[in-house]
Amino acid sequence: MPNNLIIFGCGGVGSWLADFCVRNESFETISLVDFDFVEEKNLVRQNYTRNDETKSKVFALMQRLNSINDTTILTYNRKIMDELDLTFDKETIAVIATDNVVSKRLIGKYFNRWGFTSPS
C-alpha cells in the first residue's frame, strides 16, 4: 500500500482529513496542494484559527500538522489549472477536495493514467 498521501484542496474536507491522518500516523508523507489564503469566513468549518488568517492554507495547515507529530509535510501553494502542474508519483493516494471543476477533472485524468478509477 502506498505510504504517501496528497490532498488537493485544504478547505473544509482537506484540512480536517490531513489532521486526522497525521494524528493516526497513517502516512509517511502528506502533500498539501492549495492556492488560497485563510480568511475569517473559513474559521467556522475549516481546521484553522484566527492566528492563521492571511496565511496561505498550505503553510498554516503544515504548521498545525508539524505541531502534532513528525510526519513529513510537503506544501504546494498553487492552483491546478493545467496537467503540467501535476508531477506526483503513482504510488501516492490522492484525495481531491477542491471546489474547482477544472482542477478536479485534471487531477482525475492524471491519476487515471495508471488505471486508477474513481469510486462511483
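**Helix packing and nonpolar cores in the predicted model**

Read along the sequence, the protein runs in the order β-α-β-α-β-β-α. The model is predicted. Three helices and four strands are present. Of the 120 residues in the protein, 42% are buried. Contacts with a separation of 6 or more were also examined; residues 24 or more positions apart account for 60% of these.

Helix α2 spans residues 57-66. Its buried residues are K57, V58, A60, L61, M62 and L65. They pack against three elements: α1 (14-23), β2 (29-33) and β3 (72-76). An α-helix has 3.6 residues a turn, so residues three or four places apart point the same way. In α2, L61 and L65 are both buried, and both meet α1.

The pairing of α1 with α2 was examined next. The two helix axes come within 10 Å and cross at roughly 20°. Angles under 35 degrees count as roughly parallel, so α1 and α2 are roughly parallel to each other. The crossing of α1 past α2 is right-handed. From α1, the residues taking part are G14, S15, A18, D19 and V22. On the α2 side they meet L61, R64 and L65. By class, the residues of this contact comprise four nonpolar, two polar and two charged.

In soluble globular proteins, nonpolar side chains tend to be buried together. Here, the largest nonpolar core has 18 residues. The residues with the most contacts inside this core are I30, L32, Y48, L61, L65 and I73. At least two residues of the core come from each of β1 (4-8), α1, β2 and α2. Helix α2 supplies the largest share, five residues. A second core is separate and has eight residues, including F8, V33, Y110 and F111.

Two of the residues named for the largest core, L61 and L65, also belong to the contact of α2 with α1. Y48 is another residue with the most contacts inside the largest core. Beyond its neighbours within four places in sequence, Y48 is in contact with C10, S15, V38, L43, K57, A60, L61 and R64. Among these partners of Y48, S15, L61 and R64 take part in the contact between α1 and α2. K57, A60 and L61, also partners of Y48, are buried residues of α2.

The loop between β2 and α2 contains Q46. This residue has 6% relative accessibility. The cut-off for burial is under 20%, so Q46 counts as buried. With neighbours within four places in sequence left aside, Q46 is in contact with C10, G11, G12, S15, W16 and K57. C10, S15 and K57 are contacts of Q46 and of Y48.

T54 is found in the loop between β2 and α2, where Q46 also lies. Phi of T54 is near 80°, a positive value in a residue other than glycine. T54 has a relative accessible area of 67% and is exposed. E25 is found in the loop between α1 and β2. Its phi is near 50°, again a positive value in a residue other than glycine. E25 is likewise exposed, at a relative accessible area of 61%. Both values exceed the cut-off for exposure, which is over 50%.

Methods. Residues numbered from 1 in each chain as written. Predicted model: local features only at pLDDT ≥ 70, side-chain atom pairs only at ≥ 80, totals over all residues. Heavy atoms only, no water. Buried < 20%, exposed > 50% of the residue type's maximum accessible area, 1.4 Å probe, protein only. Contact = heavy atoms within 4.5 Å. Axes fitted to C-alpha atoms, helices over the stretch in contact; angles between N-to-C directions. Parallel < 35°, antiparallel > 145°, perpendicular 65-115°, else oblique. Left-handed = near helix turned anticlockwise from the far one by under 90°. Nonpolar A, V, L, I, M, F, W, Y, C, P; charged D, E, K, R; others polar. Core = buried A, V, L, I, M, F, W, Y, C linked by side-chain atoms within 4.5 Å.
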